[in-house]
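Please keep the structure in view while reading.

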Amino acid sequence: MCWLILPFAGAIVTIPHLRMVLASAPSDLMLYAFLMGIGYGIGGTAFNISIRYIEFSLTYSIAVGLSSILGTIIPPLVRGQAAMILAHPGSQWVMAGLVAGALGIAICGAAGRMKERHLESASGRRGEFSLFKGLMLSLVAGVFSAVYGLALEVTAPIADLTEQYGAGV
């Protein structure tokens, strides 16, 4: 529903002359957006399944942390602007922010895991905990969730095209 029907319904409601936009949009970018949407959906599914194996704190810290770091770094690399961006005076602050964010996410994940272990020992339940399965799924979730920002970046010409046909006015 939310990945197939609602995007089309939203496009119909918000983009005047949608047929003209679809006919004018580059087919390779449309395919890319579709494939990246599939990747993002796989990431979301892996995220949800990962919770089953390593619970919330580890899943969130690994998947969201990886996604935010990759989502920040990859678009400038794809545009070929990473060196130019790093040459700016404030770029060290951005990199320091990425490192601080990664450390903060790791600390929160460790603290959350300690809390989960405490609750497990207090209640005597272990559930389906599997570190290997959960880590693999969290890594898949983090990488595939980062493609959302990349897809927005690469398919920006389609967004520009919708504005030419009256969207957002």
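By class, the residues that line the largest pocket comprise 22 nonpolar and four polar ones, with no charged residue among them. In this predicted model, the lining consists of 26 residues, and those nearest the centre of the pocket are P7, M30, A33, F34 and G37. The space inside amounts to about 1200 Å³.

Several helices contribute to this lining. At least two residues each come from α1 (5–14), α2 (18–24), α3 (27–79), α6 (131–154) and α7 (156–164). Of these, α3 gives the most, namely seven residues.

The second largest pocket has a volume of about 180 Å³. Its lining is made up of T72, I73, P76, L77, A82, I85, L86, S91, V94, M95 and L98. Two or more of these residues are supplied by each of α3, α4 (82–87) and α5 (91–123).

| Pocket | Volume | Lining by class |
|---|---|---|
| Largest pocket | about 1200 Å³ | 22 nonpolar, four polar, no charged residues |
| Second largest pocket | about 180 Å³ | nine nonpolar, two polar, no charged residues |

Helix α3 also holds S67. Is S67 buried or exposed? S67 counts as buried because its relative accessible area is 16%, and the cut-off for a buried residue is under 20%. When neighbours within four places in sequence are left aside, the contacts of S67 are G142, S145 and A146.

Key. Residues numbered from 1 in each chain as written. Predicted model: local features only at pLDDT ≥ 70, side-chain atom pairs only at ≥ 80, totals over all residues. Heavy atoms only, no water. 1 Å grid on protein atoms, 1.4 Å probe; cavity = no way out; pocket = protein on both sides within 12 Å on 5 of 7 lines; lining within 4 Å. Points joined across faces, edges and corners; volume = space filled by probe spheres on them. Helix = DSSP H or I, 4+ residues; strand = E, 2+ residues; numbered from the N terminus. Nonpolar A, V, L, I, M, F, W, Y, C, P; charged D, E, K, R; others polar. Buried < 20%, exposed > 50% of the residue type's maximum accessible area, 1.4 Å probe, protein only. Contact = heavy atoms within 4.5 Å.
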